[in-house]
Structures are given as C-alpha cells and as structure tokens.
Amino acid sequence: MTTGNPVQDRPRRANKLARSTSPYLLQHAFNPVDWQPWGEEAFSEARRRDVPIFLSIGYSTCYWCHVMERESFENEAIAALMNERFVCIKVDREERPDVDDIYMTATQVMTGHGGWPMNCFLEPKSLRPFWCGTYFPPTTRPGLGVPSFPQVLTNISEAFKAQRADVLEQSAQIGDLVRERMKPVVTAEPIDGIGAITEAVSGLLRMFDRNHGGFGSAPKFPQPVYLDLLLDVRASSGSPATKDAIDQALRLTLDRMMIGGIYDQIGGGFHRYSVDGHWTVPHFEKMLYDNALLARVYARASAAFGDSEYARIARETCEYVLREMRAPGGGFASAQDAEVDGREGLNYLWTEDDLNAALGPDDAKFAIKVFSLETGPNFKDPHHADDIARNVLRLTDRPDRVAATMGMEIDTFHARTAKMRTVLLAFRNKRPQPHLDDKVLASWNGLMIGALAFAGKTLEEPRFSAAASEAADFILKHMTAPDGRLMRSSRFGVGGGPGYLEDYAFVIASLLDLAAAVDDPPSAKRYTDAAYLLNEKVHEFFADESGVHFDVEKSAGDLFVRARSTHDGAIPCGTSVQLHNLLALHHNDRAAGLLSGIAETLREMPLGIANAARAALRVLTDASFKGSTLASRLRGVAAEKPEVDQSFTPVEIYSSEERLSVGPDTPASMKLVLQIAAGYHVIAADPWVDDPKSSIRGLLPFRVHVVGGTGVKVYADYPAGDAYKAAPPDVMGKPRVYEGRLEFEVAVELDGELKGRPLLAVTFQACSGTECLAPRTAELDIAIDRI
C-alpha cells in the first residue's frame, strides 16, 4: 500500500507476517511496524524485553482497518514508537475467532462497545488485557472523543513502567470478568420452551420496522437467523393472528432487502449491511456467510410463499457466489472488500453518464427509471468530500409492481432487465475490482455448501447441488487431517491451523443437507457417514463431562480462558448449530448435555440465541421426539430463576422506572439511586480526575452499561464523588469515591439494530478502609421497549 509520501513509500523489508498465508496479515507484511503473528515467539520476546504486547485484530475487507493502516501503521514515526515500546502482534479474526471473541469481550467490558480494528494492550506473562480500544486517529481530532494513537502508545508504555502493580491488578480483574462472561451456567432444570419461543417471536415483532422492514433502525442488518426463526414458527403456528403478523414482517423485510441497494442489482449477492434504515446505501463488503444464509432464506421463502421473485434472488445469489467467490478446487473464498482505490463502494456506484456510456440512450433511459436515478444521487462519500455524488442502484418497489407502473408484463420486464444487467456487469468488470480475500474457511464454506444443496433441491437446480458436492469433497479431502480433525482454513494448499467448534458444526450441517439433496444413494451415505465421524470428533475435543460445548479444543493452551460463545449474531454460533446436528443425528442424550449449558440463556434471553430457540421448536413439533426426555424437559414449567447471590455486598441499587420506551428520536431517562453501607465506599466513575497520570490503578471505575444484547446506548450523569481522605500518605494521588447515598440521571437511546435482550447493568467496586471487594456487575430488571 502506498501513501504518496516518497520517504514512506521507499522499499521496505518484510516483517514476520510475510510468512503467513492470511490475506489480512499479508496486507501488513511490509508495514514499518515489526508485526509478528500470534504465537509463542512473540510472547517470549515481550517477556524477555519486559514490554507490553500491542494486539491488533481485524480482517482483510474491513474498511476502518485499512484506514488505520494508512494513517498509523504505514507512518514511520508511529511505527518506530510501536517497535520501541511494544511487541506488536497482528491477528486475522477470521482465522482466530477464539482470540477475537476473548479480546472483544474484554474490549466491551472496558469500553461498553467494540469493533474493528480492535486494539488491546496485554500483560505479556498472562496475555490478559489491561487496556482496550478500537480505531485511533494519528492525531487528535476535535469531536471524535478519542485520544491520538501516539498519545495512547506513550501513556500506556509509561503506565506499564511506572505503575506495574496497578497494571497487573487491572489485567487480573479484566481477565476475571472475561472468564465470568464465558463461564457456562449448567442447569438440568425444565424449560418452558414454548414460552421462550413465544418471547423471542414477540420480541422480533416489537422490533420489526413496519415502514421499511427489518428489525431495529440504522445501521440495518439482514439478520437471517431471525428470518429463519420466523419461517419455522410460521410453519408450525396454529394461530392465524400470529401467522399474519409473521407474514407481514417476513414479506416486507424480504421485499425491501431485495429491491434495495444492499442487494447488488447488477451482479447479484448481498452486501454486509445498510448504513441507513431503508436498505439503500450499503456497507459495500460482501461476505460469504451473508450470501450463504440469505440464499437459503430466500429459497425457503420462495417455497413458503410460492414467490418467484424470492426464488430469483436465491438463484442470483448462488450464481454470484459461483461466479466470483469460487476458489480453485471447488471451495469458496471468504469475502470481497468494501473499497477500491481507497474509495468505499467505488466499483458499485453509477452516474447517468456511466449508464449512457454502457447502454446507449434508449436502454440508459430505461435503466435510469428502473434503478431510481431519476430522483438524483443517493451516495456521497463521507470520507472524500471532493468526490462527486453517485448512485447506488435500487428499485422503488417489487419488480412486478415496477413493471405494472411502466405498462409492461413481468416476463418482458425481467427479460429486458436481465439483458441490461449483463451489459452493465461487463462494463463494471472493466473497472478496478475489490480485493478478494481468497482464504477458504471451513465454517463459512459449510454454510455455503448447505445453502447450495438446499437451493439446488428447492429450486430444482442440479448445478447448485453439484457445486455443493465439489466444495464438500474439497473440505473432506484437503481440509481434513489424517486423524480426522478439520482445519480452520486453507489457502494455496496450505492449512491454517486446527478447526473450531463452528467449523465442525457448520460442515456437519452441510453434509447432512447435501445427503438430503443428492439423488445418488452411495453419495448420500458417504456424506452422512462423514457427518457422523466429524460429530464424534466434536464430542471428543469440544464437549466437557457435562456435555457443555466450547469453541476451542481442550488442548488449546495459549489463551487465559477457554473461549465459548453462545450468541447467534450475523451467523449462528457453533453451539446452536451443533444442537441442530445432534437432533438430526438422534444423539438426544448429547443434545440434552449441550442444552444444559445454554438453558439459562434460552430461558432469559431467547432472542439472543434464536437458532437454539429454533432447535427447541424442532423438538417440540417433530413427532420423532414425542415422549423423549428432551421434549419433556422443554415442555416443563419454567424453573424459577436462580436465587440472587447472597454473598455480601455493601451496595443497594434502586431505579425510578421499571420499563423504558425508546424510539429513533425518542430517548428515555430515569434516576438511579445507590445506597452504600456505612464504612464502605465505591470507586467513582472518574476516580483519577484530580490526577490524570494515575489512570491505571487496578481499580475498576463505576459504570452503567448494557449487557445481554446491543442496539441501545446508555449515558449517565455521573456524580464527581469526593477525594478519598483515608488514602494512605504513600499512595500517589487520592481517588474519588462515592459514599452514603447518591442519585443521578441515566439516559437511554437507540444505537443501531437491536440484538438479544439488552439490559442495563451497573458495574462497581466497593472498598472499606482495609480491603477492596471483587468488582461486581448487577443487572437491572428494567424492560427496554422500542417504540
């Protein structure tokens, strides 16, 4: 990557990332930063030099990762500062999802939010983080609310030298909080499965945007896991009112996505998400997993509703993947970048002049009307003010309705637009193309194989099933070790390390889909047998004695906690997919063990684990499970919530409201009251305001934040507190603390898409004159409704 600066653009030596096969790491192989990959060599160097580890995590198609590279990691002066004071490690989050999950949890614990690039500072002996953030600018920028990256580097380095004990204490406390978040809560109590599913669906219908479809507000994500849940409940619901409400949510969402700019109207396939609430301007990267999940959803919806437009979208999405994301050998590449030549979405944007140049006047006039250019440009690059405004192509309505307004039969309309799209795609292909992350990930390939197999059978497209078979054979032949273990990734024939739970779970599910789709019985048996063998590996390496599943193998030893994710987000988690696999393979006892580790989440936050709620619905409605212990457990009366921990805490928390209602322009507010027992104090929200240089002290400041989901942001008017008068005289600085009773205002507002079940929580650390108690997080029983 060049900067335009002749000094910085001189030829550089490669750093240790040059030995990697990861496209993301290779992007940084010629930075002046002495990057190293995650591993013992880097850890040992940091311990030998007695310096912190600077850990930067991202992925190759991440726009802001590119920005920070151009601004900071290509900057000679900043790189020199990094090299002098830290051992710098780069991680591809797509190759090491375990590392990403652990340090993302830490980042969210510290800051209340997360994102990429994710930048953490680690204590080198334990690898526990003591300070985390995301993007930092190279210089201080008014209004951005974050310090410059050189300031961060200098302050962290000085704190590590001068306040080592505090750094170690803070890293230990953050590590404990991360462990607590990832620790399974195992219970064999019965679950009100119907109640959990009903709550999940009710939550989705409350979040449903009745104007534009989708769930929540901008930025708006497709949420295929939610759509699959609604399709499942629709098929089993005996309530006409529920079915009608689900149909409205599904159809409006599917319609608006397929006509919007989030769908590539020329080349097919879906972009990552929409930056607005009406699906017009996308974040332009294209991910294999999004297109796999959405191709399947549209194929399912085409059968459920008898809708040929949904079938067309499913077909075009599969064709896009086969055309642009197929790797040598039959597997599939991971993603296409959002930017071209440093400009976001440049390959996908059009002007009227572009259409005239590509099509000629008559067809250009037709295209301008069909693709909504008549109302003027809809995209202006916010990062390059001098660039002209352009258009993301989109339709104003479903094709059948657009055709009717133009006085055309739908078949004639589709024939003309198909011919036009072919010409425009050829024209677009002459432009510089987005970077392709060509590594083959087992998990994402599993999603695509399953989608192709399902779409091939549903849409009667044998070539899709054939492509699924070829990709499955590639994984079984080239990404499976002699001992039967899966590899996480492959690039140019080189494997990228051991697989994770999601790799096994997604591949097993795809093999079962493929066995159901192929017409050849020997092939179906071969894929089923392969699924059984991989399932045994899952039980051997990822399940503990109780049946709870973890994301990494038991032998994974370079992390301070064993990663475990149970949240279904952009993709379903490995745990919930494996639950479906165990049901399909009739391992009911193992399914019960896995369920014991997510039962509490299913009971408390079913929307956050929507794919597991689908599995519960499967048990409750599939006749083959009738009378089983698993079905009986899911039909049981919901167990009472566990008793509140009675271990001593000197803090009582009260709120003025039991329910908050928030809308796009309607925040909500309430009062919180803390009553602190005599003889105790709580560390204030900004304890070192009187002594900013002492910001790292091993004490966690008071914070009101959100847990259990995303989509809301909380602001608190924290009291300043009082300087702690009883601090020993040899302690540098006197922290501010809270004592007695305090009352303050808290405001809540929408912040993007609603996921899971967001709850307000208070994290605090209480101390007496002789000791500080362990930090505690108290969840507040306050419902948050979207209006």
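Predicted model: local features only at pLDDT ≥ 70, side-chain atom pairs only at ≥ 80, totals over all residues.
Guide: W279 lies in the loop between β6 and β7.

Visitor: Which backbone angle of W279 is positive although W279 is not a glycine?

Guide: The angle is phi, at about 70 degrees for W279. As for accessibility, W279 has a relative accessible area of 0% and is buried.

Visitor: Which other residue has a positive phi although it is not a glycine?

Guide: L127 is one, with phi of about 65 degrees. L127 sits in the loop between β4 and β5, the latter spanning 129–133.

Visitor: Is L127 buried or exposed?

Guide: Buried means under 20% relative accessible area. L127 has 4% relative accessibility, so L127 counts as buried.

Visitor: Which residues does T280 touch, leaving aside neighbours within four places in sequence?

Guide: The contacts of T280 are G261, I262, S274, N378, V392 and R394. With R394 there is also a polar contact between the side chains, at 2.8 Å.

Visitor: Next, the peptide bonds. Which kind of peptide bond joins W116 and P117?

Guide: The angle to read is omega. For W116 and P117 omega is about 5 degrees, and the bond is cis. P117 belongs to the loop between α5 (97–111) and β4 (118–122).

Visitor: What is omega for the bond from A218 to P219?

Guide: Omega is near -5 degrees there, and this bond is cis. P219 is in the loop that runs between α8 (193–207) and α9 (224–236).

Visitor: Now helix pairs. At what angle do α11 and α12 cross?

Guide: For a pair of helices, read the angle and the distance between the axes. Helix α11 (residues 288–305) and helix α12 (residues 308–324) cross at roughly 155 degrees, and their axes come within 7 Å. Angles over 145 degrees count as roughly antiparallel, so α11 is roughly antiparallel to α12. The crossing of α11 past α12 is left-handed.

Visitor: Which residues make the contact?

Guide: From α11 they are L288, N291, A295, Y298, A299, A301, S302 and F305. From α12 they are Y310, A311, I313, A314, T317, C318, Y320 and V321. By class, 13 of the contact residues are nonpolar, 3 are polar and none is charged.

Visitor: Where does R315 come in?

Guide: R315 is in helix α12. Its relative accessible area is 24%, so R315 is partly exposed. From A299, R315 is 16 residues away in sequence and 8.0 Å away in space, C-alpha to C-alpha. Not counting residues up to four places away in sequence, R315 touches L459, E461, R463 and F464.

Visitor: How do α18 and α19 pack?

Guide: Helix α18 (residues 462–478) and helix α19 (residues 501–517) have axes 10 Å apart and pack at an angle of about 140 degrees. They are therefore oblique to each other. Their crossing is left-handed. The contact is made by S465, A468, S469, A472, I475 and L476 of α18, together with V507, L511, L514 and A517 of α19. This contact has 8 nonpolar, 2 polar and no charged residues.

Visitor: One last residue. Is S443 buried or exposed?

Guide: S443, in helix α17 (residues 442–458), has a relative accessible area of 0% and is buried.

Visitor: What does the side chain of S443 make a polar contact with?

Guide: The partner is the side chain of R488, at 3.1 Å. Leaving aside neighbours within four places in sequence, S443 is in contact with R488, E502, D503 and F506.

Technical notes:
Residues numbered from 1 in each chain as written. Heavy atoms only, no water. Axes fitted to C-alpha atoms, helices over the stretch in contact; angles between N-to-C directions. Helix = DSSP H or I, 4+ residues; strand = E, 2+ residues; numbered from the N terminus. Parallel < 35°, antiparallel > 145°, perpendicular 65-115°, else oblique. Left-handed = near helix turned anticlockwise from the far one by under 90°. Contact = heavy atoms within 4.5 Å. Nonpolar A, V, L, I, M, F, W, Y, C, P; charged D, E, K, R; others polar. Buried < 20%, exposed > 50% of the residue type's maximum accessible area, 1.4 Å probe, protein only. Polar contact = N/O pair within 3.5 Å; in protein donor to acceptor, adjacent residues only side chain to side chain.
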